[in-house]
Amino acid sequence: MHQLPEELVINNINTFYQSIIEMLNDGRDIIFDISKVSQADTASIQLLCVLQKHLLSTDHQIQWHGNSKALLSSAKTLGVSEFLSLGQI
């Protein structure tokens, strides 16, 4: 399980992107703990969507652990909460 940062924002996107690349080498579902996310911007949500799209093409997906009103709200506002399967948590 990978802990998402408290601020999931464009200023942290490069570090987040690099960690995603490392996670993809495992070739399995990626589990994120979102319980500490207090801010999530459009760039970060877009990166999560790209990751989800890639994982789905390999018969995997993002799995979520915990709860984050900020992440859920941002994904809902952008209309991608269902695609990211965030509505199920």
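This is a predicted model: local features need pLDDT of at least 70, side-chain atom pairs count only at pLDDT 80 or more; totals for chains, interfaces and linings use all residues.
Three strands make up an open sheet. Their order is β1-β3-β5, and they pair in parallel. β1 (2–3) and β5 stand at the edges. Each has a single partner strand, so one side of each lacks a neighbour in the sheet.

Strand β3 covers residues 30–33. Four bridges join β3 to β5 in the parallel sense. Within this pairing, I31 sits opposite Q63 of β5.

## The nonpolar core

In soluble globular proteins, nonpolar side chains tend to be buried together. Here the largest nonpolar core holds 23 residues. Those touching the most other members are F32, I45, L48, W64, L71 and L84. The largest share comes from α2, with six residues.

F32 has contacts well documented along the chain, leaving aside neighbours within four places in sequence. It is in contact with M1, H2, L4, F16, M23, L48, L51, I62, Q63, W64 and H65. Two of these partners, L48 and W64, are also named among the core residues that touch the most other members.

## Helix α3

Helix α3 spans residues 69–77. Its residues A70, L71, S74 and A75 are buried. They lie on the same side of α3, because they cover an arc of only 125° around the axis. An α-helix has 3.6 residues a turn, so residues three or four places apart point the same way.

The buried residues of α3 pack against several elements. These are β2 (7–8), β4 (39–40), α2 (42–57) and β5 (62–65). The face turned away from the buried side carries the exposed residues K69, K76 and T77. G79 follows α3. The phi of G79 is positive, near 75°.

## The salt bridge

Side chains of opposite charge can pair when their charged atoms come close. The count for this model is one salt bridge. It joins the side chains of R28 and D26, at 3.8 Å from N to O.

How exposed are the two partners, R28 and D26? R28 counts as exposed, because its relative accessibility is 53%. D26 counts as partly exposed, because its relative accessibility is 44%.

How values were computed:
Residues are numbered from 1 along each chain as its sequence is written. Side-chain values use heavy atoms; hydrogens and water are left out. A salt bridge is a side-chain nitrogen of Lys or Arg within 4 Å of a carboxyl oxygen of Asp or Glu. Buried means under 20% relative accessible area, exposed over 50%, partly exposed in between (1.4 Å probe, protein chains only). Helices (H or I, at least four residues) and strands (E, at least two) are DSSP runs, numbered from the N terminus. The arc is that of the directions from the helix axis to the C-beta atoms. Contact means heavy atoms within 4.5 Å. Two strands pair if DSSP finds at least two bridges between them. A nonpolar core is a set of buried Ala, Val, Leu, Ile, Met, Phe, Trp, Tyr and Cys residues joined through side-chain atoms within 4.5 Å.
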